[in-house]
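Colleague: I'd like to learn how to read the packing in a model like this. Could you walk me through it, one feature at a time?

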Amino acid sequence: MRPSRAGVLAAKLLSVALVGLAAAQAATPGRQPEPPRVLIDTGVAFAAARTVAVRAGGDLQAALDRAQPGDVIALEEGATFVGPFTLPRTQADGWITIRTSAADDRLPAPGVRVEPAYARVMPKLEAARGSVIVAAPGAHHYRFVGVEIRPRPGVALVNLVQLGGNEPAVDLLPSHVIFDRCYLHGDPARGTRRGIALNSRYTAVVNSHLSDFKEVGVDSQALAAWGGPGPFKIVNNYLEAAGENVLFGGADPAITNLVPSDIEFRHNHVSKPVAWKADDPGFQGVAWTIKNLFELKNARRVLVDGNVFEQNWAHAQRGFAILFTVRNDGGRAPWSVVEDVTFTNNVVRRVGGGFNILGRDNNYPSAPTGRIRIANNLFEEVGGPRWPGTGTLAQMIEGAADVTIEHNTALQAGPIIVAEGAPHRDFTFRDNIVMHNAAGIAGTGTGVGKGALATFFPGALVRRNVMVGGWANAYPPDNFFPAEVNDIGFTDRAEGRYGLAARSPYRRAATDGRDIGVDVDALTAALEGLGHRTLHAFGAEPGR
């Protein structure tokens, strides 16, 4: 199939990003993360063999059962179709497209994120039990465009879409499934536990809106993958959930040695609405179980680039937004690992804490966490009165290896790093602008600075960091300790412009000759990449 214009543009943008990533890694000491080996092209041109119209009151399941590769099933716009529905396994490759009957110009253009307002032109797939959509073992090559997927009003489901479950072999997992410009949501009052269970191969969720995934006493997710190997493409979506907005791992896979891998996560807006926050004036009255925004428990070769993560607070967890916490959850998957993770060009703001990094599962055996790079990110409003949590930029526990934190700007209310457990090998912390606050870099039983570094980060490279309010005698040489934030020389902190002005003493002072801290131009370019239009990088007000 011939790539479309949107697909070519996406490939070019990602190619530029990966070239920049490779160049940056080449200049960074230690073993650096491997990027995804496989990237999914969702911009291919789909040639329709025939169009099958299903009008209101029609039998969608019968249309699915009869569909042949190349068919387009056009569902009447605005009509409701009641499931559950099963995606059958076909005998030949070739896409089956399920889409709205509305003309293309009544949806956003390819590559542009859909909003809930487009629900008026979408057919509604719903169910009152089970899942709305279930893929049969080995089902493949299904593409949904411009479809709303929801529970029946007043009903809370477990999964809206179930792609795979406990299949015992990889070739029985669903594969080649795309959700493009779709609107998936739980019931506004009762929620739903999960949007899509991604236990599959070659699966993409792009340009879509997923919201109202919430539950009390149980974790909920917009997207979760634990039993599928990937690759996965999650690009240009709004993703909202109370528990973990996005989760990889979290349950033992049925297939031995399976690790969700080759994950492209770019240009997404990941958030929890403040209406779920009990001390907010707009609180809607239900204390849904709140955990984090993005968590890896079992994942390999993950690229997280050009996203906005915002609004997470201490509730069922301590408020950390991003978790790289390897877990062999049920004790039956000792191969579980978190490795080769690249976290670049993101904004993380209005959260109780930044990162929680766990080197090994402290409950069951696991493989070690390693090769993580956190670079060129902006952290705003981390901790503080409105966003309860520790305010810690990074908590590091139990000996992760080859972690690099460089060229970030963080305005956090708590420590820079808190460490405990086994020491962390080959750690790099350089060219960052951070708030020192009372604790700085600290470890259990070691105090602040050199003692913590010697005990928990032996041989670490700690250079050319600006630690506001810290003291030089506590840290290795070749770092900077201005007394106040205003001494940094931001372009305009009051306006949320965190580049360095010409007068700043930290211009071109990094180990690589660039400005210390985040490269705002590179960050803005990443956020304004293909299809990203919903949120300015710096300064939008809280809310959905």
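Colleague: Let's start with rings. Which Phe residues form one aromatic cluster here?

Modeller: Keep in mind that this is a predicted model. The cluster is made up of Phe 265, Phe 294, Phe 309, Phe 324, Phe 343, Phe 355 and Phe 379.

Colleague: And how do I describe a single pair of rings?

Modeller: You give two things for a pair of aromatic rings: the distance of the centres and the angle of the planes. There are 16 aromatic pairs in this structure. Take Phe 309 and Phe 343: their centres are 5.7 Å apart with 25° between the planes, and the pair is stacked. Phe 309 belongs to strand β24 (residues 308–312) and Phe 343 to strand β26 (residues 338–344), so this pair ties together parts 34 residues apart in sequence.

Colleague: Are Phe 309 and Phe 343 buried or exposed?

Modeller: Both Phe 309 and Phe 343 are buried.

Colleague: What about charges over rings?

Modeller: You look for the charged end of a side chain above a ring, and here are two cases. Arg 120 has its charged end over the ring of Tyr 118, 5.8 Å from the ring centre. Lys 277 does likewise with Trp 387, at 5.3 Å from the centre.

Colleague: Now the core. Which residues touch the most other members of the largest nonpolar core?

Modeller: The general idea is that in soluble globular proteins, nonpolar side chains tend to be buried together. In this model the largest nonpolar core has 93 residues, and Ile 73, Leu 125, Ile 196, Phe 309 and Phe 324 touch the most other members. Apart from that core lies another, of 21 residues, including Val 308, Leu 411, Ile 433 and Val 485. Back to Ile 73: beyond four places in sequence, the residues it touches include Val 52, Leu 60, Ile 96 and Ile 98.

Colleague: How should I read a polar side chain such as Asn 408?

Modeller: Asn 408 lies in the loop between β32 (401–406) and β33 (409–412). Its relative accessibility is 1%, so Asn 408 counts as buried. A polar atom of the Asn 408 side chain is 3.3 Å from the backbone nitrogen of Asn 376. Beyond four places in sequence, the contacts of Asn 408 include Phe 379, Asp 431 and Gly 517.

Colleague: And where is Gln 162 found?

Modeller: Gln 162 is in strand β10 (residues 159–163). With a relative accessible area of 15%, Gln 162 is buried. Its side chain makes a polar contact of 2.6 Å with the side chain of Asn 159.

How values were computed. Residues are numbered from 1 along each chain as its sequence is written. This is a predicted model: local features need pLDDT of at least 70, side-chain atom pairs count only at pLDDT 80 or more; totals for chains, interfaces and linings use all residues. Side-chain values use heavy atoms; hydrogens and water are left out. A nonpolar core is a set of buried Ala, Val, Leu, Ile, Met, Phe, Trp, Tyr and Cys residues joined through side-chain atoms within 4.5 Å. Buried means under 20% relative accessible area, exposed over 50%, partly exposed in between (1.4 Å probe, protein chains only). Contact means heavy atoms within 4.5 Å. Rings of Phe, Tyr and Trp (its six-membered ring) pair if their centres lie within 6.5 Å; planes under 30 degrees apart count as stacked, over 60 as edge-to-face and the rest as tilted. Helices (H or I, at least four residues) and strands (E, at least two) are DSSP runs, numbered from the N terminus. A charge sits over a ring if NZ of Lys or CZ of Arg is within 6 Å of the ring centre and within 35 degrees of the ring normal. A polar contact is a pair of N or O atoms within 3.5 Å; within protein, one must be able to donate a hydrogen and the other to accept it, and residues adjacent in sequence count only if both atoms are side-chain atoms.
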